[in-house]
Amino acid sequence: MFKRQKPKSSCPTAQNGESQLSQMENNVPVNPVSKNNLQFYCQLAHGSPTAFVSGFSNVKELYDKIGECFDIPPSEILFCTLNTYKVDMKKLLGGQIGLEDFIFAHRKGRPKEVELTKSEDALGLTITDNGAGYAFIKRIKDGSVVSNIPHIQVGDHIEKLDGENMIGKRHFEVAKALKEIPKGATFTIRLVESMKSGFTNIAPKMGKVNGNKKGYGSGKETLRFKAGGKAEIQEQDCVMDAGVEKINNILESFMGINDSELATQIWELSVGKQNSMDFAESIDDSDLAAFEFTDEIIIELWGAITDARHGRLK
């Protein structure tokens, strides 16, 4: 069994510190969200009591609040997933949180060093980051150099490359460093995996409220983190969500990175633009100019945006 950690008393726990699983089994999930005082259920993914977190407007502030609740340094948090304790990159917390989402914080676990030879031009890794200084592996391509190395796993934080510290670097910087390793070179990558879960093979049960089925993550409103550190509550926008997903796919294809917040910022810069030239100008006039997107990427991004606007994305 896992060892439970008691949150600080200043951070309210749900149902006197019961775990999420216990609450659900008792069929008493309570929606803690209000527009005036947003609160989100939260647990440490490897096992802990349930607490409420609130009062944040970006990911870094969220990690600070989680650290306060569970009496751990925020730097111990690698990333968060929504509505699952598993290392599921499809459920990764990015630039938005549904108002009924349950947050699971994945804490640093065992470090490991792997020596490997770059036998192909690409290692087959997609890199993302947690918005607070840690880049980690979001996807490993089947049949790639890395896919045959069992010690390298999705969710691993890339801490060092040949002794060079990667902490504090953005995903595109780490992806660039990996890309620049010459083909045929042997190098050492230091990784940190997330702490293993005490909930292994246990799936949360969905409770009922007033006789109606109710599950976490089923809300229609979303708290979106905006550029500049602000957060806004927005109704679910299926057109925007489809566009952001496609933009993210393009970023992964061209740059080897995955970043929902960046994809959302690109979408927002397209609002009101009627052609690719105006869109490119809006990118150049923003802080995204640092990415130096090529004309080819801009055309691909604009194509995804127009496809989403006209309902051509499924």
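A residue counts as buried when its relative accessible area is under 20%. Ile-66 has a relative accessibility of 0%, so Ile-66 is buried. The model under description is a predicted one. Ile-66 belongs to helix 2, which spans residues 59–70. Its C-alpha lies 7.8 Å from the C-alpha of Cys-42. In sequence, Ile-66 and Cys-42 are 24 residues apart.

Charge pairing was examined next. Side chains of opposite charge can pair when their charged atoms come close. The structure contains 12 salt bridges. One of them joins the side chains of Glu-193 and Lys-112, with an N to O distance of 3.0 Å. This pair connects distant parts of the chain. Glu-193 sits in strand 10 (residues 186–194), and Lys-112 sits in strand 5 (residues 103–117). The two are 81 residues apart. Glu-193 has a relative accessible area of 6% and is therefore buried. Lys-112 is at 11% relative accessibility, so Lys-112 is buried too.

A salt bridge also links the side chains of Arg-170 and Asp-129, at 2.7 Å from N to O. Arg-170 lies in the loop between strand 9 (164–165) and helix 3 (171–179), and Asp-129 lies in strand 6 (residues 125–129), so the bridge ties together parts that are 41 residues apart in sequence.

Some bridges share partners. Through such bridges, Arg-110, Lys-112, Asp-156 and Glu-193 are joined into one network.

Helix 6 covers residues 276–284 and includes Glu-281. Glu-281 is partly exposed because its relative accessibility is 46%, between the limits of 20% and 50%. On the surface, Glu-281 gathers with Asp-278, Asp-284 and Asp-285 in a patch of negative charge. Ser-282 is also placed in helix 6. With a relative accessible area of 11%, Ser-282 is buried. A polar atom of the Ser-282 side chain lies 2.6 Å from the backbone oxygen of Phe-279. This separation falls within the 3.5 Å cut-off for a polar contact between N or O atoms.

Asn-83 is not a glycine, yet its phi is positive, near 70°. Asn-83 is placed in the loop between strand 3 (77–82) and strand 4 (96–98). Its relative accessibility is 26%, so Asn-83 counts as partly exposed. Glu-292 is likewise a non-glycine residue with a positive phi, of about 50°. Glu-292 is found in the loop between helix 6 and helix 7 (295–309). Its relative accessible area is 65%, so Glu-292 is exposed.

Conventions
Residues numbered from 1 in each chain as written. Predicted model: local features only at pLDDT ≥ 70, side-chain atom pairs only at ≥ 80, totals over all residues. Heavy atoms only, no water. Patch = residues over 30% accessible without salt bridge, like charges linked within 9 Å, V, L, I, M, F, W, Y side chains within 5 Å. Areas by Shrake-Rupley, 256 points an atom, 1.4 Å probe, with all protein chains shown as cover. Salt bridge = Lys/Arg side-chain N within 4 Å of Asp/Glu carboxyl O. Lys, Arg positive; Asp, Glu negative; His and termini not counted. Charge placed at Lys NZ, Arg CZ, Asp CG, Glu CD. Helix = DSSP H or I, 4+ residues; strand = E, 2+ residues; numbered from the N terminus. Buried < 20%, exposed > 50% of the residue type's maximum accessible area, 1.4 Å probe, protein only. Polar contact = N/O pair within 3.5 Å; in protein donor to acceptor, adjacent residues only side chain to side chain.
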